[in-house]
Amino acid sequence: MSDEGLIPRRSKKRKRIEVLVPKTILKSEVPNEVWGMDFVMDQTVCGKKFFALTLIDHCTRIAPGVLIASRMKSWGVVEYLKALKSSGVVMPKIFNVDNGAQFRSNVFQDWCKSEGIEIHFIDPGKPYQNGFCESFNGRLRDELLNRRSWKTIAQADDQITAWCRKYNERRPHSSLGYLSPKEFARQRENRVA
């Protein structure tokens, strides 16, 4: 077999990446304490792929924004978060994320450290540890991405942003007493004030 070159090559063992994991599933009773972040991928009718970075507040279920881009690099994620902050959005104390390259990058981790934001990584293969974000992504996929097609990424961005606005302002959630996330947040503010 070796004379004929038929001996199978041994595959190289991959180095395992050390993963930081939270001790418990993160829950929050306070707005802007914990945000979940994750990515959703889709494509235009001509096959051009794009990514959506989704953010969700664990307490109010408000989606502060969705970033749509053809490539999702860590510096792009940081620039988007900086833009959100400069527009007046209060940043969370903790980001609950998976072990994606964008979140494990030095750029993202250094920015979070400079802002005083903790990063909690979920266990690999345990998406339920980022359940609020996964649920939001499922709704986005079921209610919009699987039902529509786009000619351009800009068109997708406009429609996803409009859907996100509707999700925040008009979509009732059973876990919030059948209020929309914005209504729930307003009621919380009124009770605290």
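Reply: In this predicted model, the buried residues of α3 are F108, W111 and C112, where buried means under 20% relative accessible area, exposed over 50% and partly exposed in between, with a 1.4 Å probe and protein chains only. They cover an arc of only 100° around the axis, the arc being that of the directions from the helix axis to the C-beta atoms, and that puts them on the same side of α3. Helices (H or I, at least four residues) and strands (E, at least two) are DSSP runs, numbered from the N terminus. Residues are numbered from 1 along each chain as its sequence is written. Local features need pLDDT of at least 70 and side-chain atom pairs count only at pLDDT 80 or more, while totals for chains, interfaces and linings use all residues, and side-chain values use heavy atoms, with hydrogens and water left out.

Me: Which exposed residues does the face of α3 turned away from its buried side carry, and what covers the buried residues?

Reply: An α-helix has 3.6 residues a turn, so residues three or four places apart point the same way. Here the face turned away from the buried side of α3 carries the exposed residues N106, D110, K113 and S114, whereas the cover over the buried residues includes β1, α1, β4, α2 and β5.

Me: Which residues touch the most other members of the largest nonpolar core?

Reply: In soluble globular proteins, nonpolar side chains tend to be buried together. A nonpolar core is a set of buried Ala, Val, Leu, Ile, Met, Phe, Trp, Tyr and Cys residues joined through side-chain atoms within 4.5 Å. The largest one has 22 residues, of which M37, L53, L81, F95 and F108 touch the most other members, and α1 gives the most to this core, with five residues. Leaving aside neighbours within four places in sequence, L81 is in contact (heavy atoms within 4.5 Å) with M37, L55, M91, F95, F108 and W111.

Me: In what order do the strands form the sheet?

Reply: Strands of a sheet pair through backbone hydrogen bonds, either parallel or antiparallel. Two strands count as paired if DSSP finds at least two bridges between them. Five strands form an open sheet in the order β3-β2-β1-β4-β5, with mixed pairing. β3 and β5 (118–121) stand at the edges, each with a single partner strand, so one side of each is left without a neighbour in the sheet. β1 and β4 pair in the parallel sense over three bridges, and the bridge partner of V34 in β4 is I94.
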